[in-house]
Amino acid sequence: MAEKPKTMHVVCLHIKTTADEDRLIDRSFRALSHIHNVLVKHVRKLLVQLEHDKEYQFLRNDYIALLSSHKDEEKLSKDDAAYKKSLSDQMSEIRRGIGLTEYSLQSYIKVCGKQFNKLLSSQQIQKEATRVWHSVEKYLFGNGKSIHFKKYRDFDTIGGKSNKNGMRFDKDSFTAIWMGHGYRIDCPKRSSQDYVYEALDSDISYCDVKRRMFPDGWHYYINVILKGSAPKKFIAGDNVCGIDPGISTIAAVSDDKVFLEELAPGIGKYNKKITEILRHMDMSRHMSNPEKYKPDGTIDKNNHDRWTFSKTYYRLRRELRYLYRTKSEYIKHSHNALVNRLLKNAKYFIIEDMDYAALAKQSKKTERSDKISDVVSKDGTVKQVHKYKRKKRFGKSLNNRAPALFIRQLEQKVSAYDGSVTKIATKDFRASQYDHSTDTYVKVPLSQREKVIDSHTVQRDLYSAFLILNADDTLKHPNRDKCVYTFESFVKRQDGLISEMKGNNISMKQCFGF
């Protein structure tokens, strides 16, 4: 029987620092950035060494050829599997020989880390070596393209490995101890005190030092990672729920309720502020460095003088970082609130398996539209042409709405409540094309948000979620009999939801096509 993965939960507490403590922690982050970049420089040299190792490249090419000769659904034969393992072992031995392993990196950085032994503990230095190794793994075995150096301001976490080394949290005194210095911890707000103290009742695994940028500078926090699941705030429902995830909306249908919600609906105000600050930063940079720009306003790449920045520019940069962080936190909190609403109704979910990474990519093909469009020239003449199709996909919407993050949060929370998330293949199921009244598939344009099913007007996404809820045992087709039996009840719940949303002055046309 497979061992159940260990669960952890995190409590984030604010460290109440003095000016001297701010400077001390700042020095620790600067030391961490130096250690990271020393490791990256070392790793890059080892990777170049691997690229010039003829034996390693020969083994790697054989390994890739072996995998590419078999389709994804095709299993390797016994001999091929043994050959694959042999190639993998030989490559691992070569990497181990030149010191390209996680433990070799931890050993390598010990010498450099000694000069910072008053700022960082040995385990915190080891944790950074592990992080660099994860980047190496992505480069060697995943889709990583390079191992990057990082600037000091890009570091926001000093990791830990246990509550006996590095940053430690004392529950009794409610203080954090780090490198022999005690830091005061702000008590949680009254509204969350009971939950925080209940969450802290578990055994501590380790602690991380976290910092967040605000307009007035860095603020510091301690992330206490505890063993076991987080306390439950509510009781989950026992229903089954079908979900049709979109780019910017989520439609969900259970046996007694329907949901149709925009993901992160307030994201626009953050984007507006970010655009304004970026424009002001560009103006400030231009005024401080006029010689770095051409007469047409573009940057002169032939001018290699150092850039100079004003105090205003640095203030705006802090505000920009703060806005990006608050935007990210808003998206997470908005998703979490929606997940909680869904969980209060159901804890068993059936959802379409969306490939958001593919949707974010720009189309490579340049194609003309089948539709004829009228183009008015300067002289007033009208020409009829087939315009080029837009090559841009959904990258901006995906960045603003983060639907993939919503699905991850749903899976994590459902697991904590002992529920399940079952995914169905979009290509097999084709919920957006199916009509249960005629048992046929009809492809309709994405712009068409309404469908007429059995003389009833239904919202397309909600109807798809309804079909997903009523999937058959194979999860490749809707159960038509069940759809027919429950359709009238679904239409009543849908009409009630839409009437409620219109009563609350929610823009149905922009988001949902009504």
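Helices (H or I, at least four residues) and strands (E, at least two) are DSSP runs, numbered from the N terminus. Counted that way, the chain has 15 helices and 18 strands. This is a predicted model, in which local features need pLDDT of at least 70 and side-chain atom pairs count only at pLDDT 80 or more, while totals for chains, interfaces and linings use all residues. Residues are numbered from 1 along each chain as its sequence is written, and side-chain values use heavy atoms, with hydrogens and water left out.

Start with the overall picture. Of the 514 residues, 39% are buried (under 20% relative accessible area; exposed is over 50%, and partly exposed is in between, with a 1.4 Å probe and protein chains only). Take the contacts (heavy atoms within 4.5 Å) between residues at least 6 apart in sequence: 71% of them join residues at least 24 apart.

Next come the salt bridges, where a side-chain nitrogen of Lys or Arg sits within 4 Å of a carboxyl oxygen of Asp or Glu. The count by this rule is 13. One of them pairs Asp-89 with Lys-85 at 3.0 Å, N to O. Both residues belong to helix 3 (residues 78–98) and are four residues apart, about one turn of the helix. Asp-89 counts as partly exposed because its relative accessibility is 39%, whereas Lys-85, at 54%, is exposed.

Arg-325 is buried, since its relative accessibility is 17%, and Glu-329 is partly exposed at 21%. These two also join Arg-212 in a network of salt bridges.

What about Glu-411 and Lys-423, whose side chains meet in a salt bridge? The N to O distance here is 3.1 Å. Glu-411 is in helix 11 (residues 403–416) and Lys-423 in strand 14 (residues 420–425), so the pair ties together parts twelve residues apart in sequence. Glu-411 is partly exposed at 29%, and Lys-423 is partly exposed at 38%.

Finally, a look at His-42, which is in helix 1 (residues 19–51). Is His-42 buried or exposed? With 17% relative accessibility, His-42 counts as buried. Leaving aside residues up to four places away in sequence, His-42 touches Leu-105 and Tyr-108.
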